[in-house]
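Hi,

Here is the structure I promised to pass on. Have a look, and then read my notes below.

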Amino acid sequence: LVTLGFGAIGWVDDWRKVVSNTDEGLLGRLDDAWRLARIEAEEDGYSAQVEKLGPLGDPNAARVGRSQPGPGSYRCRTIKMGTRDGGTLAYVDYPFFACRVELTPGGDLILTKTTGSQRFQGRLYPDADSRLVYVGTQAWGDERGFPAYGAQPERDQAGVVERIGENRWRVVIPWPKQESKLDLIEIVR
């Protein structure tokens, strides 16, 4: 397991004690990110693609109960909707890559995208009956390891994890630091 870099502040059960003020503010604007990203993608001609996402692209699709994915190997893909600065496409759908969920001896769930040029790793925190909160960081290119959360704010991520089907989850990252207004990461067994 590659360290998340939370060692300086220790592992805690409440994501609010770990997440930056900036990322907490972005999470607080989750509904706006969903709405604006979908509108922009649809207005730019991607209505069929957004509709085809089904529950993955439905902001109200979260199921109550059993919100955490169990330890093991998964496939994950990222969909980016809306543009951060108008310089990218309003909808980008990447192929599936390898991901895994690990349960640490202390009972923490760690989600890691292990392949691809933009990888991520973060801890899944309990939050509500229908969701967890993801707090993590990104590694780019051929970098080994992940920066500590907070050490390089442009790589920090915070989002919500929701179960949207049998053996199917999503991480919703509002206002990611690069490219889009909303990132959807689909996670399937």
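Helix α2 (residues 30–52) spans only 21 Å between its end C-alpha atoms, whereas a straight helix of 23 residues would span 33 Å at 1.5 Å a residue (the expected span being 1.5 Å times one less than the number of residues). Helices here are DSSP runs of H or I with at least four residues, strands are E runs of at least two, and both are numbered from the N terminus. What sits in α2, centred on Tyr46? A kink of about 125°, where the bend is the angle between axes fitted to the seven residues ending at a residue and the seven starting there. Just after α2, Gly54 has a positive phi of about 60°.

Before you go further: this is a predicted model, with local features needing pLDDT of at least 70 and side-chain atom pairs counted only at pLDDT 80 or more, while totals for chains, interfaces and linings use all residues. Numbering runs from 1 along each chain as its sequence is written, and side-chain values use heavy atoms, with hydrogens and water left out.

The buried residues of α2 include Tyr46, Trp34 and Glu40 (buried is under 20% relative accessible area, exposed over 50%, partly exposed in between, with a 1.4 Å probe and protein chains only). The Glu40 side chain makes a polar contact with the side chain of Lys181 at 2.6 Å; that term means N or O atoms within 3.5 Å, one able to donate a hydrogen and the other to accept it, with residues adjacent in sequence counting only if both atoms are side-chain atoms. Lys181 lies in the loop between β8 (168–174) and β9, and counts as buried because its relative accessibility is 15%.

The largest pocket holds about 280 Å³. Of its 18 lining residues, Thr78, Lys80, Tyr94, Lys113 and Gln118 are the closest to the centre. For the grid details: on a 1 Å grid over the protein atoms alone, a pocket is an open set with protein on both sides within 12 Å along at least five of seven lines, a cavity is a set of points where a 1.4 Å probe fits but cannot get out, and lining residues have an atom within 4 Å of a point. Points are joined across faces, edges and corners, and a volume is the space filled by probe spheres set on them.

Among the residues closest to its centre are Asp156 and Ile173.

Cheers
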